Amino acid sequence: MIGQVLGHCRVVAKIGEGGMGVVYRARDEVLHRDVALKVVGTNMRPDSSSSQDLLREARASSALAHPNICTIYEVGEAEGQLYIVMELVEGKPLRALIGEAGLPAESVLRYGVQIASALVRAHDKGIVHRDLKSANVVVSAEGLVKVLDFGLAKRIGNEVLEESTLSLEALQEKSTISGTLPYMAPEVLRGEAADYRSDLWALGVVLYEAASGRLPFKGQTAFEVSSAVLRELPLPLGAPVPPGLWAIIQRCLAKEPTQRYQRAGEVQAALEAVQSNVIFSGDSGGDRGGGPARTTVFHGVRHVHVRKGDFLLLVGTLKGAFLLRSNAQRKRWEVGGPYFHGQAVYAMAYDGRAGQRRIWLSTQGYWGTFPRYSDDFGKSWTNPQEAPIRFPQDTGLSLKNIWQIALGRPEEPGVLYCGVEPAALFESRDSGESWSLVRGLFNHPHRPRWVPGNGGLALHTIVLDPEERRRMYVAISAGGVYRTDDGGGTWTAQNQGIRVMFMPVKYPEFGQCVHKIAMHPSRPDRLFLQNHFGLYRSVDRGGSWTEIANGVPSDFGFAMVMHPRNPDCVYIVPVESDEFRCACDGRLRVYRTRNGGASWEPLSRGLPQKGAYETVLRDAMAVDSFDPAGIYLGTRSGQIFGSMDEGKNWQKILEGLPAVVCIRTAAVEEAGASRPVSREQSSPNSSRTKSTATRKSGRGKS
Amino acid sequence: MPVIFHIPGPLREFTGGRGKVEVEVEIERSPATVAEALSALYAVYPGVRDRIATEQGQIREHINVFIGAEDIRYTGGLMSRISSGVEISIVPAVSGG
């Protein structure tokens, strides 16, 4: 062959020999470039009609321009030889790089992400590889991965399969067994059609092999290999393989295609998540002692790619959290998540203090309730070994849920608060690494007589006085409003004038079912309150309350947020009665006061006004700090609406989510940037955080 | 004495990826209990403790612990007796909505 010309390529030297034929280095004499030229072996030659199919498919796959796919330039037939001209990839087959003990996790992840990325592109174009294996992946000296033979296996693969499954005799030699068969998915061995998920199986095999140096399914004969693929579970990979990587491999190697990842993009995202985890924490698995472990979330998770200047909506639902990314225009939204799918996320917060870019959330599920944070916009989240928020043993109580995560003041960036169920306040002074029960409130003599509302006995709202550093407020369902003026040491009930419907005494000292309280930082003497029946205002720091339900269709509701700049402007969503708890008359309307509660006006343009039996819960409304301000609300039916003109016009941003229980906003700044003061000081909520609505909004059941 | 635990998928992050782990239970008094076996498990794999049990040491509401095929709720709870080589399964209960 050397010196021979096929098409316009002159064969220079033999590079190697594979299942499909012999590969040569060649020179394209027209385009003056070095190429690889594969001459398809006569035993692999399809009949003439299949030959046409092969040509067609190879040409289709030649359109796969992707940095991790070896480009096919040309397919042709000359002098009875079927040949394929492709990009000449300088590097070593992955197979040859994998030593006996496997590659370091960092390399496995780096190569794995690139292979998955190649599959994403091919699958998007409708092309299944069908013969992905470590021998078909070439790694350059710089670590760039190229996947070979895309689109060629679809036709030729049948021949390989037949050979593998029918001519067992020919497969007795180990060399052949280590070729293609160990990478074949169970459904392919059963003779079913291969689809994208068969490639994901093969990727799982490649990852296993790369991580451990051995194949997951082995045998001395083809029969033994097939049998292992069909029936056996691979030996678990322990340290130093990160558990997150092992979890990904396991999911790729699920025997049933429906149990695997369904898209290559999911595998890529999952690998990237573990990758960032390994890089950031230096954690490559192994025994972790008592230190905090990071987890990664990889079940069908899509990540948002956040840049400086972006704007985020943090959305907590009963079945996981989502991140919605946009920019200052807030017109187009990229959706990330679900994070912690299947777990309830009642509380979220964005902490931009001291140059951080940290998203907090709480998860509640079978396995308990945990606060977690992510410093990389959801790619990895903390998963502490020990639950950081725990009731001390002497209390006899167990944490049921975290309803609120609130940031401390900007001048104390390590301070955080959590409001929990059963009703109690926890405080952290070390950026959330450790938490302690605020005993001053816990020991309040009223506490034994607080009663749970419909949603449980929860401390759900925390409001800090921006001027008086030792003063803060909490709201409890059903206990009422409590205030401390000494940094949490002592607390007094602040419920005078707030009516209760469910007790014989209508104006008790405490026991009110408060749903939300809100304060504008420029008016710390004044509070607004949405009660379980009743809208109130206090101008004496909660000392007494006056009804302000002037012109609303119902004084029942959950959510309540302040305008970012106007201290007289408050937004609520009235709902009908405590039994029905849906938008009044089936019309979803936000109500706004711009005069501190003297009157309220409906805002409904763009919101559903017919048959919309929606509920907006306690924390499912938020404002941003743009001018004009954006207002956002989420419903129990899983819709998110937004208004970018302070409530005048509304658009649906997203639908189809699980029940929304929490929305927060975040303006993303450069990592490490210190807080600018100009805008934030004039803008109320954000004066203490970039999470512009941290302390005001609504969920509800109480 | 050795005890084998079957670890559900969500907790394997805390057992180095292993679905089945063997721990050695030191018998302070005979016979040993599930509580002692769990303590031995927590000592080796501390991350599983707060997932299985509340901070007050009770098995979480929606988590079931089985000795062989028996739910410990019906065999004496955490004080259920165990013998050498017993297999204990930790399984999330059927619930939700």
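Tutor: Two residues are in contact here if their C-beta atoms, placed from the backbone, lie within 7 Å. The model is a predicted one.

Student: OK. Which elements cover the buried residues of helix 1 of chain B?

Tutor: The cover includes strand 1 (2–6), strand 2 (20–24), strand 3 (32–33), strand 4 (63–67), strand 6 (81–82) and strand 7 (87–92) of chain B.

Student: And which residues of that helix are buried?

Tutor: Helix 1 spans residues 34–44 of chain B, and V34(B), E36(B), A37(B), L38(B) and L41(B) are buried in it.

Student: What pattern does chain B follow along the sequence?

Tutor: The order is β-β-β-α-α-β-β-β-β, with two helices and seven strands in the chain.

Student: How much of chain B is buried?

Tutor: Of its 97 residues, 33% are buried. As for contacts in chain B between residues at least 6 apart in sequence, 55% join residues at least 24 apart.

Student: Switching to chain A. Why is helix 9 described as largely enclosed?

Tutor: Because nine of its ten residues, in the run 243–252, are buried. Among them are W246(A), I248(A), Q250(A) and C252(A).

Student: What does L203(A) touch, sequence neighbours within four places aside?

Tutor: C252(A) is one of its contacts, along with I115(A), A116(A), L119(A), L132(A) and V267(A).

Student: How many residues are in the largest nonpolar core?

Tutor: That core has 204 residues, and L203(A), M348(A), A559(A) and M621(A) have the most contacts inside it. Another core, of 20 residues, lies apart from it and includes V3(B), I7(B), Y45(B) and I67(B).

Definitions and conventions:
Residues numbered from 1 in each chain as written. Chains lettered and ligands numbered in written order. Predicted model: local features only at pLDDT ≥ 70, side-chain atom pairs only at ≥ 80, totals over all residues. Core = buried A, V, L, I, M, F, W, Y, C linked by C-beta atoms within 7 Å. Buried ≥ 20, exposed ≤ 12 C-beta atoms within 10 Å, placed from the backbone. Helix = DSSP H or I, 4+ residues; strand = E, 2+ residues; numbered from the N terminus.
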